Amino acid sequence: LYNRDHEIMNGGSHGEQSDRALTFAALGNSHYNADLVLNEDLTPEILKQYSALFINGRCLPRAAVPALKGWVENGGLLVASAGCATHDEYNSPLPEMEEVFGARQGHASISEGYIQPLTLYRHRPIGTVTVSETEFSPSLTADVIGMRNSLQPTTARPIATFEDGTCAAALNKVGRGHVLLWGIQPGIIYKGQRAGAS
């Protein structure tokens, strides 16, 4: 999702632009066909063309929530980054997405520095994330760069933890589909050491 409502209200101060761009690049490098979907394209007619949707950004149009939920119920996979869709297009709270995510999001921290791809290697990790293997995630441990949100699952099941044991990702079954909510920005994290140049 190219989330313009988020950019209007919040810009890219928390690295959402880099998270989106690097996720898009990772999908392409893994030989997946990926399109950019705009906020106004979050309709049942357009969503039915896709099997998965990656979203990020604090603000999401309130009118899109029923279409997203219905699409997931019909078998879609919604993958959401840390801090995603907690507010609507007017920056007002959007509690309806907690039901879709199956978890509440609590802000924890953001790594220091300007978050763009060429400077990410300068960021010091703000912890580690350990992910369990599921049909939607590999088993891995990685440093956390960018935003880090602790999650409080309600109907979702935890599939990842931070080093302090708090929930770092949750998988929610909604109808025939799934929602994978990350407490990190998966486009920005990296695996292994960060030595070397950008």
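Modeller: The overall count first: the protein chain has 5 helices and 9 strands. Keep in mind that this is a predicted model. Along the sequence, the elements run α-α-α-β-α-β-α-β-β-β-β-β-β-β.

Now the helix. I pick α2, which covers residues 16-29. The helix has 14 residues. From first C-alpha to last it reaches 20 Å, close to the 20 Å expected at 1.5 Å a residue.

Which residues of α2 are buried? They are Glu16, Ser18, Asp19, Arg20, Thr23 and Leu27. Buried here means under 20% relative accessible area. These buried residues pack against three elements: α1 (4-10), β1 (52-55) and β6 (147-153). After α2 comes His31, with a positive phi near 65 degrees.

Back to the whole chain. Of its 198 residues, 44% count as buried. Take the contacts with a separation of 6 or more: residues 24 or more positions apart account for 63% of them. The C-alpha atoms fill a box of roughly 45 × 35 × 30 Å along the principal axes. The radius of gyration is 16 Å, which agrees with the value near 16 Å for a compact globule of 198 residues.

Last, surface and charge. The protein chain exposes about 9900 Å², and carbon and sulfur atoms supply 51% of that area. There are 15 positive and 20 negative side chains. The centres of the two sets lie 4 Å apart.

Terms used. Residues numbered from 1 in each chain as written. Predicted model: local features only at pLDDT ≥ 70, side-chain atom pairs only at ≥ 80, totals over all residues. Heavy atoms only, no water. Helix = DSSP H or I, 4+ residues; strand = E, 2+ residues; numbered from the N terminus. Rg over C-alpha atoms; globule rule 2.2 N^0.38 Å. Buried < 20%, exposed > 50% of the residue type's maximum accessible area, 1.4 Å probe, protein only. Contact = heavy atoms within 4.5 Å. Areas by Shrake-Rupley, 256 points an atom, 1.4 Å probe, with all protein chains shown as cover. Lys, Arg positive; Asp, Glu negative; His and termini not counted. Charge placed at Lys NZ, Arg CZ, Asp CG, Glu CD. Expected span 1.5 Å × (residues − 1).
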